[in-house]
Amino acid sequence: MQGVAQRHDVLIVGAGHGGAQTAIALRQRKFADSIGLLGEELDPPYERPPLSKDYLAGERPFERILLRAEAFWGERDISLGLGKTVVAVNPANRTVTTASGEVIGYGALVWAAGGRPRALSCSGAHLRGVHTIRSRADVDRLREELPAADCIAVVGGGYIGLEAAATLRKLGKRVTVVEALDRVLARVTAEPLSRFYEAEHRAQGVDILLGAKIDCIEGEHGRASGLRIAGADFLAADLVIVGIGIVPACEPLLRAGASGENGVAVDEYGRTSLPDVYAVGDCALQPNPYAEGAVVRLESVQNASDMAITVAKAIMGELEPNRAVPWFWSDQYDLRLQTVGLVLRCDDWVVRGEMASRSFSIVYRRKGRVAALDCVNAPKDFIQGRTLVQKGIAAELGALADTSIPLKNLPAASST
Ligand SMILES: Cc1cc2nc3c(=O)[nH]c(=O)nc-3n(C[C@H](O)[C@H](O)[C@H](O)COP(=O)(O)OP(=O)(O)OC[C@H]3O[C@@H](n4cnc5c(N)ncnc54)[C@H](O)[C@@H]3O)c2cc1C
């Protein structure tokens, strides 16, 4: 085809968790044709979770967060094209175009472009000293400015904001978390867990402002100096970190006609509405059996990896629906939170164990069946609860709360 610089039998756009795992899964299944893995970032695929944890803390060098050693990609004959942003998709010609005008052909296209940090819409959002945490480059920029910073405002009390707050406290910074809703983690968990994390952060010296509406970020000489918050005192800050979620990075695909809104819609095999075009990871909307079939967009390493495996299989003609149980983790201070299942559409929940012991779980039910767990320093509950979620086991709240009954014994306990 005229003007096409190169062509790959499978072309993957986005060299993050989902894109890398798609390429790996294809080769593991002996896919013998050509694979191209294009990424906007300059780095080979790396783990994103450490960016708000030990990489931000400076405790883990970049080489130790690489998903695979650099030589891996060449050895597996996976053609890595870094620093390439795909700006257009042409499904009729089966090509993509990069920002530099390169046209690359595909047999099958896998869109794995993740998301971009959502920006604050108020004035001052683009001043120097305002940071996000999505890529290695973001964190390197932030780390460069950390030595000169004392007070840091973290906008957003979701997982990334809270993890960053915990890391920065460890580094001795004065941290204020500014959250628009009336509790942290409000979108993802039940109130007791929100209050537990709020108390933990406060005990560690983090200030938390709830129900806080930011009017603007003020600056001096082009640099952020603090936050103006409705009805509150000016919050001075040397640095502002904005962690208010992502916008799925899928505009070129939607412009090319793929279905979706706030993400690319895929079926249970990861297929978009365009022929031979798939999507995985943070940018993809998929019906989820653990949310009664509701279409959801999950943001987790597990989801990106499992969707990638499903898509690799589909490309190789092995249509197997994605039925992976969703799970996620978050590390803050000495607390490891592990969640399994989806809280969406749950009807009730119960706390299992003593929250004061800092080792407990919250078990959620949907129509009387175990649908999700948030386990704090409770790995046994996480492992055993996973089976309950997978099987949709019906259980009484009283039995779920009773720590003398291991969760693995619950099916029997509940039926007696
Ligand atoms: C700070 C942080 C902490 C996290 N912690 C956890 C955790 O503890 N546990 C957990 O389960 N999950 C965690 N996550 C979420 C997890 O990292 C994501 O869910 C996962 O990375 C999603 O994989 P992905 O492949 O969809 O997207 P990404 O890994 O983001 O990869 C997408 C890639 O595509 C590139 N790209 C975007 N647009 C284009 C384009 N047009 N052309 C070419 N390339 C493009 C991007 O630059 C990026 O490199 C965390 C995320 C962050 C940011």
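Student: Is the crossing of α1 and α7 left-handed or right-handed?
Tutor: Heads-up, this is a predicted model: local features need pLDDT of at least 70, side-chain atom pairs count only at pLDDT 80 or more, and totals for chains, interfaces and linings use all residues. Residues are numbered from 1 along each chain as its sequence is written. Helices here are DSSP runs (H or I, at least four residues; strands are E, at least two), numbered from the N terminus. A near helix turned clockwise from the far one by less than a right angle counts as right-handed, anticlockwise as left-handed, and the crossing of α1 and α7 is right-handed.

Student: What do you call the orientation of α1 to α7?
Tutor: Their axes (lines fitted to C-alpha atoms over the stretch in contact, angles 0 to 180 degrees between N-to-C directions) sit 8 Å apart at about 40 degrees. Under 35 is roughly parallel, over 145 roughly antiparallel, 65 to 115 roughly perpendicular and the rest oblique. That's why α1 against α7 is oblique.

Student: Which elements give two or more residues to the shell around the ligand?
Tutor: The shell's cut-off is a backbone-placed C-beta within 6 Å. Of its 35 residues, G14, G16, G18, G114 and G281 come nearest. The elements giving two or more are α1, β2, α7 and β21.
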